[in-house]
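Opened a new page for this one.

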Amino acid sequence: MRPGIQLLRSGRSIDVRPKVLEFSAHRIPLCLRLQQRRNITSDEKPLPESEQPKGPNQDQLPHVSEEAAATGDITGEGGPDVEQGSPVQEILKRDQKSQEKAPKVLQEELKASSPKGSRSYSTSTPRRAQAMIDPESAEVQNQGHIFGLPELPLPSTSHLKHRYDPVIHQVTNLLMQDGKLSKAQRNMAMILERLRTAPPPTPDPRHPLILGAPPTNHLPLNPILYLTLAIDSVAPLLRIRSQKGAAGGGVALQIPIPLGLRQRRRTAVMWILDAAIKKRTKGSGRAMFAHKIADELIAIVEGKSTVWDRRGGVHKLGTAARANLSFGNRRR
């Protein structure tokens, strides 16, 4: 029997050499051959960077301001001005401590852009100032103001001490007690609010209002006109002055004296306040006094107030004493 060959026991070493694979063109897969030919050819140029496809996370999103500006242009509402931002160099120029901690590139750029002289101010026009200047007329436009600049000359109502209507100012001062102006102004505001919200008054033909008065159903639309009309309608034209001993034997003589506009209104307001104080209080609170005055003004327009009788009595007495005007002229 033929003995078997024992490899482990043999002392001769055996070298195992792998067979060299020879690749030929017809053995390479078709996809690799096409890709190899496409890379080798010099006729085709690589795609530009902008046309190369990008992944889902490789697109760079625009800034929030740029996106808002684009949206504003589409909708027509107008977006933020992207050019209004301040460059980093301008911020660093105003802050010396930040310049020391800034990168070397910015420090060198600031040194190169800074003038060699010792001038501490800038002659460059800001962007906002350039936008405000019209190149044709070279006049600064009125931008940045909500209501615009006032026209000259200024009206009388623009003065700090004369910004209210003269009737409002006079009545407010007459309402004031113990120097409490804020309380008088609050009462005046309550009176005007009461006149504005009250129903239109019904006039009485026995007590006509002054000439040129608007229809009574239009008065709640303008409470200041409502107040002025009620005061001027009951304002007396004169006052009676008693001259002691003028009639002889110590008898006083009644002399009528004409009044000015402010004097007439003052007398009418004092009569209205006296009549309002005598009214019955309908409730409690700090608004009751203002409501009573407003109700008295409404009663005047409607011809139901007792102030009409007081005005008529003064006019009757002045008519009866008109013969004494000559004595008053002699005394002057």
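My notes on the chain follow, topic by topic.

**Entry 1: overall make-up**

First reminder to myself: this is a predicted model. I looked up the secondary structure and got 13 helices and two strands. The chain has 332 residues, and 23% of them are buried. For the surface, I have an accessible area of about 26800 Å². Carbon and sulfur atoms hold 54% of that area.

I also checked sequence separation in the contacts. Taking the contacts with a separation of 6 or more, 52% are between residues 24 or more positions apart.

**Entry 2: aspartate 232**

Where does aspartate 232 sit? I found it in helix 9, which covers residues 223-234. Is aspartate 232 buried or exposed? Its relative accessibility is 14%, and the cut-off for buried is under 20%, so it goes down as buried.

Next I asked what aspartate 232 touches once neighbours within four places in sequence are set aside. The list is Ile210, Arg264 and Arg265. With arginine 265 there is a side-chain polar contact of 2.9 Å.

**Entry 3: salt bridges**

How many salt bridges does the structure hold? I count seven. A note on the background: side chains of opposite charge can pair when their charged atoms come close.

Arginine 265 has a relative accessible area of 14%, so I list it as buried.

Aspartate 274 with arginine 310: here the closest N and O atoms are 3.8 Å apart, and the pair counts as a salt bridge. It also joins distant parts of the chain, with aspartate 274 in helix 10 and arginine 310 in helix 12 (residues 307-320), 36 residues apart. I checked the exposure of both ends. Aspartate 274 is partly exposed, at 31% relative accessible area. Arginine 310 has 40% relative accessibility, and that makes it partly exposed as well.

Glutamate 302 with lysine 304: I get a salt bridge with the closest N and O atoms at 3.6 Å. Glutamate 302 is buried, with a relative accessible area of 18%, whereas lysine 304 is exposed at 64% relative accessibility.

**Entry 4: enclosed space**

Rolling a probe the size of a water molecule over the atoms shows where empty space is left. How many cavities of 30 Å³ or more are there? The search gave me one. The largest cavity has a volume of about 50 Å³.

Which residues line the largest cavity? I noted Val171, Leu175, Ile191, Leu227, Ile231, Val269, Ile272, Leu273, Ile293 and Leu297.

I then sorted the lining by element. At least two residues each come from helix 7 (166-175), helix 9, helix 10 and helix 11 (288-302). Which helix gives the largest share of the lining? Helix 10 does, with three residues.

**Entry 5: back to helix 10**

Helix 10 came up under both topics, so to speak, and I want its entries together. Aspartate 274 of helix 10 pairs with arginine 310 of helix 12. Helix 10 also supplies three residues to the lining of the largest cavity.

Note on methods
Residues numbered from 1 in each chain as written. Predicted model: local features only at pLDDT ≥ 70, side-chain atom pairs only at ≥ 80, totals over all residues. Heavy atoms only, no water. Helix = DSSP H or I, 4+ residues; strand = E, 2+ residues; numbered from the N terminus. Buried < 20%, exposed > 50% of the residue type's maximum accessible area, 1.4 Å probe, protein only. Contact = heavy atoms within 4.5 Å. Areas by Shrake-Rupley, 256 points an atom, 1.4 Å probe, with all protein chains shown as cover. Polar contact = N/O pair within 3.5 Å; in protein donor to acceptor, adjacent residues only side chain to side chain. Salt bridge = Lys/Arg side-chain N within 4 Å of Asp/Glu carboxyl O. 1 Å grid on protein atoms, 1.4 Å probe; cavity = no way out; pocket = protein on both sides within 12 Å on 5 of 7 lines; lining within 4 Å. Points joined across faces, edges and corners; volume = space filled by probe spheres on them.
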